[in-house]
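Have the structure open while you read.

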Amino acid sequence: MEHGPIRTYNARRGRRSQLTDSRLKTLLPRYAVPPLLTGPPPGAERLVVEVGCGHGDAAVAYCTAYPSHWLVALDVHPPGVARMLAAAGAAGVTNLGAELGDAVEFLRTRVAPGALDAVHLFFPDPWLKVRHHRRRFMSAGTLDLLAARIEPTGEVLIATDQLPYAAHVQSVVAAHARWQCTIAERPTWRPVAGFEAKGIAAGRPITELRLTRR
Ligand SMILES: C[S@@+](CC[C@H](N)C(=O)[O-])C[C@H]1O[C@@H](n2cnc3c(N)ncnc32)[C@H](O)[C@@H]1O
């Protein structure tokens, strides 16, 4: 039996709603991302990628708080991306790029070395079962990839409501030659929404982590 690459997401099936389809068809082209990201677009100061943006609450809030930055938000989940695009349109956000697809593949093939200032990873799928740990986004391999794509003074911001995932990040980073991990302040611009709101409602503490180069 052939095995494909390890996916960090759940390949959800099911029909897309008409609303999702029509939002993606009309709005996705407005937020198109160039074939290769080489740095902030003309006039922008920083280039940020958000991995697994879900419904895009953090992405839209970031773009509103930092109009001089450009943020590319990625997710494989069509209804989430469609909802983000509708919210971005309603908020008048123009410094957002969006794509429906695998962020690992995107970072590998669509981002030039050192092109990014930051990567955001908010409430990644925790993959709590031991046999699923290898599906976690944060791994030695993605840390190598992030080191290649983020410029040397750049950062990775991570938030999670899963203590085992926070411990996992701290341990893979401790074993990595190029990144260090510190507990960070909660970014004031990020709204309490999506999976953070679910985690808080369930009584789980939120851990904020910041990765910088050693
Ligand atoms: C637990 S949800 C969190 C969504 C959102 N960040 C939030 O805080 O509400 C994790 C999201 O990451 C997405 N995801 C996981 N791996 C991904 C990958 N390799 N590329 C793009 N999206 C991914 C999933 O589809 C899912 O929408």
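1. Ground rules. Two strands count as paired if DSSP finds at least two bridges between them. Helices (H or I, at least four residues) and strands (E, at least two) are DSSP runs, numbered from the N terminus. Residue numbers start from 1 along each chain as its sequence is written. Keep in mind that this is a predicted model: local features need pLDDT of at least 70, side-chain atom pairs count only at pLDDT 80 or more, and totals for chains, interfaces and linings use all residues.

2. Overall layout. The protein chain has seven helices and seven strands, and reading along the sequence gives α-β-α-β-α-β-α-β-α-β-α-β-α-β. The radius of gyration, taken over C-alpha atoms, is 17 Å, close to the 17 Å from the globule rule (2.2 Å times the number of residues to the power 0.38) for 214 residues, so the chain is as compact as a globular protein of that length. Along its principal axes the C-alpha trace spans about 45 × 40 × 40 Å.

3. Contacts across the chain. Call two residues in contact if their C-beta atoms, placed from the backbone, lie within 7 Å. Taking contacts between residues at least 6 apart in sequence, 80% join residues at least 24 apart.

4. The sheet. Seven strands make an open sheet with mixed pairing, ordered S3-S2-S1-S4-S5-S7-S6. Strands S3 (96-100) and S6 (179-183) sit at the edges with a single partner strand each, so one side of each has no neighbour in the sheet. Neighbouring strands are turned by 20 degrees against each other on average, direction ignored; axes are lines fitted to C-alpha atoms, for helices over the stretch in contact, and angles run from 0 to 180 degrees between N-to-C directions.

5. The S1/S2 side. S1 (residues 46-51) and S2 (residues 69-75) run parallel and are joined by six bridges. Arg 46 has His 69 in S2 as its bridge partner. Helix H2 (residues 57-65) packs on the sheet and touches S1, S2, S3 and S4 (116-122), with its direction at about 175 degrees to that of S2. Helix H3 (residues 78-91) also packs on the sheet, touching S2 and S3, and its direction makes about 160 degrees with that of S3.

6. The S7 side. S5 (residues 150-160) pairs with S7 (residues 207-213) in the antiparallel sense over five bridges, and Ile 158 stands opposite Leu 209 in S7. S6 and S7 are antiparallel too, joined by five bridges, with Cys 181 opposite Leu 211 in S7.

7. One to look at: Asp 117. Which strand holds Asp 117? Asp 117 lies in S4. Asp 117 is buried (20 or more other C-beta atoms within 10 Å of its own; exposed means 12 or fewer, partly exposed in between), with 20 such atoms. Leaving aside neighbours within four places in sequence, its contacts are Arg 46, Leu 47, Val 48, Glu 151 and Gly 154.

8. The ligand. The shell around the ligand holds 22 residues (C-beta atom, placed from the backbone, within 6 Å), the closest being Tyr 9, Gly 52, Gly 54, Ala 103 and Gly 194. S2, H4 (103-109) and H7 (194-201) are the elements giving two or more residues to the shell, and H7 gives the largest share, three residues.
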